[in-house]
Amino acid sequence: GQKRALPEGRTTGCRRPRDLIHSYASLGLGYDARSRRHKVVRVYYRGCADDGRPAAVGCEVYVVNNGNDSTDYWRQIVAVPMGWVEPHEPSVFAQGHVYWLAHQKHESHNRHETIIIISFSVCEEAFATVQPPPDVDNELLRRPRCLTVLAGRRCLFFKRSHGHEHQYDVWLLRGHG
């Protein structure tokens with residue numbers, strides 16, 4: 001029932017006007033059961049590389065209920081995600097992990113990028129990728145879909161349309177892996 005303002009994080013500021021569209025951050029909120037603390041994870045991107053992608057990526061963690069005002073700051077961590085988190089998609093928290101939909105890195109930006117699911121362990125403060133269901137291909141992941149939580153578990157919900165007929169698929173993760 002309490003609220004707390006987050007401190008300023010590292011800047012995603014732009015040096016050139018074209019960098020503006022590549023500079024953004026995505027937040028995720030989770031609970032570390034080991035330390036019994038809530039944590040906010042902030043993945044940020046800034047700048048523009050020659051291939052049109054952000055030139056730098058970083059990650060910071062903020063402990064919300066730390067109880068010590070002298071440590072009221074974002075802590076930079078070494079781990080970074082294995083792709084580019086979608087800027088307008090919300091993160092979800094389930095089973096000790098924060099999840100995002102993201103684009104996989106490729107050597108060439110001309111190829112169709114693979115959509116992946118990135119996870120961040122709130123206890124271990126480490127990133128990993130999670131495979132989608134076996135019958136879900138990349139083309140289906142590019143369609144309207146929603147990563148959410150259902151019954152305390154990560155859930156991928158999406159719609160398939162065949163003319164006037166619609167089919168809704170729900171994928172529910174039973175464990176983390």
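Predicted model: local features only at pLDDT ≥ 70, side-chain atom pairs only at ≥ 80, totals over all residues.
Residues are numbered from 1 along each chain as its sequence is written, and side-chain values use heavy atoms, with hydrogens and water left out.

Now zoom in on Phe-157. It lies in strand β11, residues 153-162 (strands are DSSP runs of E, at least two residues, and are numbered from the N terminus). Phe-157 is partly exposed, at 35% relative accessible area; buried means under 20%, exposed over 50%, and partly exposed in between.

Next, go inside. Select Val-41, Val-43, Cys-59, Trp-100, Ile-118, Phe-120 and Phe-127: they have the most contacts inside the largest nonpolar core, which has 17 residues. At least two residues of this core come from each of β2 (37-46), β3 (56-63), β5 (83-85), β7 (97-104) and β8 (115-121). Another core, of 13 residues, lies apart from it and includes Val-92, Val-136, Leu-156 and Trp-171. A nonpolar core is a set of buried Ala, Val, Leu, Ile, Met, Phe, Trp, Tyr and Cys residues joined through side-chain atoms within 4.5 Å.

Charged pairs are the next stop. How many salt bridges does a search of the whole structure find? The search finds five, each with a side-chain nitrogen of Lys or Arg within 4 Å of a carboxyl oxygen of Asp or Glu.

Select Lys-39. Its side chain meets that of Asp-32 in a salt bridge, 3.0 Å from N to O, and it also pairs with Glu-125, where the closest N and O atoms are 2.9 Å apart. Because Glu-125 lies in the loop between β8 and β9 (126-130) and Lys-39 in strand β2, this pair ties together parts that are 86 residues apart in sequence. Lys-39 is buried at 9% relative accessibility, as are Asp-32 at 4% and Glu-125 at 15%.

Finish at Glu-60 and Arg-42, whose closest N and O atoms are 2.9 Å apart in a salt bridge. Glu-60 sits in strand β3 and Arg-42 in strand β2, 18 residues apart, and both are buried.

Notes: Helix = DSSP H or I, 4+ residues; strand = E, 2+ residues; numbered from the N terminus. Buried < 20%, exposed > 50% of the residue type's maximum accessible area, 1.4 Å probe, protein only.
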